[in-house]
Amino acid sequence: MPTLAAYSLPRRFLLASVAAFAVLGHAAHAADKLPVTASFSILGDLARVVGGEHVKVTTLVGADQDAHVFEPKPGDAKTLLASQLLVMNGLGFEPWAGKLVKSAGYRGETVVAAKGVNARFMRTESSHAREHGQEPDPHAWQNPNNVVLYVRNIAAGLSKVDPAHASDYQANANAYVQELQALDTWAASQIFAIPAGKRKVITSHDAFGYFAARYDITFLAPQGISTEIEPSAKQVAKLIQQIQREKIRAVFLENMSNPQLIAQLSKDAGATLGASLYADALSAPDQPGATYLRMMRHNVVQLVAGLKLN
Ligand SMILES: [Zn+2]
């Protein structure tokens, strides 16, 4: 038979737990929103659209920032630990995410937004690629049809963590999918109006592979699919020759990468430098790429203007 002392400890523990639960419950009620962490700005936008009024989304890699070379800070681990859902792209876009999850001790749910996407694979110069010959191109959001999958995956993840609002997440996702389909139809009509032979563009890094495949545009980039690796002088010289040989005039910067390389390249090749394209990040709220839909429309308008120069 247990002694009185043995009873007293669990009872005290129980009371302490009840008190702690009351505090937590109160805090949850005060905040009243599901804490969600998105790895980068585009996913932050999608999570806000699908989550609507029920979520509070924090983005780790913010507007105009480069997720390829991001280094999480202690504050990011705290953000992640306080959230119940992590939304990340996958396809190797966030090489830092696994380490962050581990170091933060995060045990919440994770949505890999690109899950189910028909991935493009390409050769790169990274050590990983040297081992395997090729690696997936992570920039799947550059095709709006892939973002339909992203949105469905996010809605499923939110519904798992917060089943009480599942029907709202589903409805928000359905409404947004219609906007994505309208975007895709419009983009196709704009781009396919340009003769196929003129659809050639230079950008800083190879972020537009999915866009190129969907809308039949050739993108040439001095940097590979990650911004981590600087191109060699030989690669840049080869690209300049190609720009001159094929008379490509459409050269674009990206909002999150170093503009010097592409500016120099454009000058050396005698091409015209167009406006920035939004590749891997949204813009600040007062700029034209503040949401996914706006950034895609901006890119299409700028690209079509550039392609007309070719
Ligand atoms: Zn990229």
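Residues are numbered from 1 along each chain as its sequence is written, and side-chain values rest on heavy atoms, with hydrogens and water left out. As the model is predicted, local features need pLDDT of at least 70 and side-chain atom pairs count only at pLDDT 80 or more, whereas totals for chains, interfaces and linings use all residues.

Helices (H or I, at least four residues) and strands (E, at least two) are DSSP runs numbered from the N terminus. Pairing of two strands requires at least two bridges between them in DSSP. Under these criteria, four strands make up an open sheet with parallel pairing, in the order β2-β1-β3-β4. Its edges are formed by β2 (55-61) and β4 (109-112), each of which pairs on one side only. From one strand to the next, the twist averages 20°; axes are lines fitted to C-alpha atoms, for helices over the stretch in contact, and angles between N-to-C directions run from 0 to 180 degrees. Strand β1 (residues 34-40) runs parallel to β2 and is joined to β2 by six bridges. Phe-40 has Val-61 of β2 as its bridge partner. Helix α6 (residues 144-161) packs on this sheet and touches β1, β2, β3 (85-88) and β4, contact being defined as heavy atoms within 4.5 Å. The direction of α6 makes about 170° with that of β4.

The zinc ion is coordinated by NE2 of His-68, His-139 and His-205 and by OD of Asp-280, at 1.9 to 2.1 Å. Donors are N, O and S atoms within 2.8 Å of the metal (3.2 Å for Na, K and Ca); water is not among the atoms, so sites may look incomplete. The four donor atoms subtend angles of 95 to 118°, which makes the arrangement around the zinc ion tetrahedral; for four donors, this label requires all angles to lie between 85 and 135 degrees. Along the chain, the donors follow the spacing H-x70-H-x65-H-x74-D. His-139 belongs to the loop between β6 (135-136) and α6, and His-205 to the loop between β7 and α8, so the pair ties together parts that are 66 residues apart in sequence. With a relative accessibility of 0%, His-139 is buried, and His-205 is buried at 0%. Here, buried means under 20% relative accessible area, exposed over 50%, and partly exposed in between (1.4 Å probe, protein chains only).

Ser-204 is located in the loop between β7 (200-202) and α8 (209-215). Its relative accessibility is 3%, so Ser-204 counts as buried. Beyond neighbours within four places in sequence, Ser-204 contacts Ala-221, Pro-222, Gln-223, Phe-252, Leu-253, Glu-254, Ser-257 and Ile-262.

A salt bridge is assigned when a side-chain nitrogen of Lys or Arg lies within 4 Å of a carboxyl oxygen of Asp or Glu. This rule gives a count of five salt bridges. One of them joins the side chains of Asp-137 and Arg-120, at 2.8 Å from N to O. The two residues are 17 apart, with Asp-137 in the loop between β6 and α6 and Arg-120 in the loop between β4 and β5 (121-122). Asp-137 is buried at a relative accessible area of 0%, whereas Arg-120 is partly exposed at 28%.

A salt bridge also links Arg-214 and Asp-184, whose closest N and O atoms are 2.9 Å apart. Because Arg-214 lies in helix α8 and Asp-184 in helix α7 (residues 166-191), the pair ties together parts 30 residues apart in sequence. Arg-214 is partly exposed, at 25%, and Asp-184 is buried, at 9%. The side chains of Glu-246 and Lys-200 likewise form a salt bridge, at 3.0 Å from N to O. Glu-246 lies in the loop between α9 (233-245) and β9 (250-254) and Lys-200 in strand β7, so this pair ties together parts 46 residues apart in sequence. The relative accessible area of Glu-246 is 29%, and this residue is partly exposed; Lys-200, at 24%, is partly exposed.

Val-251 is part of strand β9 and is buried, with 0% relative accessibility. Residues up to four places away in sequence aside, Val-251 touches Ile-202, Ile-262, Ser-266, Ala-271, Thr-272, Leu-273 and Gly-274. Val-251 and Leu-265, separated by 14 residues in sequence, are 9.0 Å apart from C-alpha to C-alpha.

Note on methods. Four donors count as tetrahedral if all angles lie between 85 and 135 degrees; four count as square planar and six as octahedral if opposite donors are over 155 degrees apart and all others between 65 and 115; anything else is irregular.
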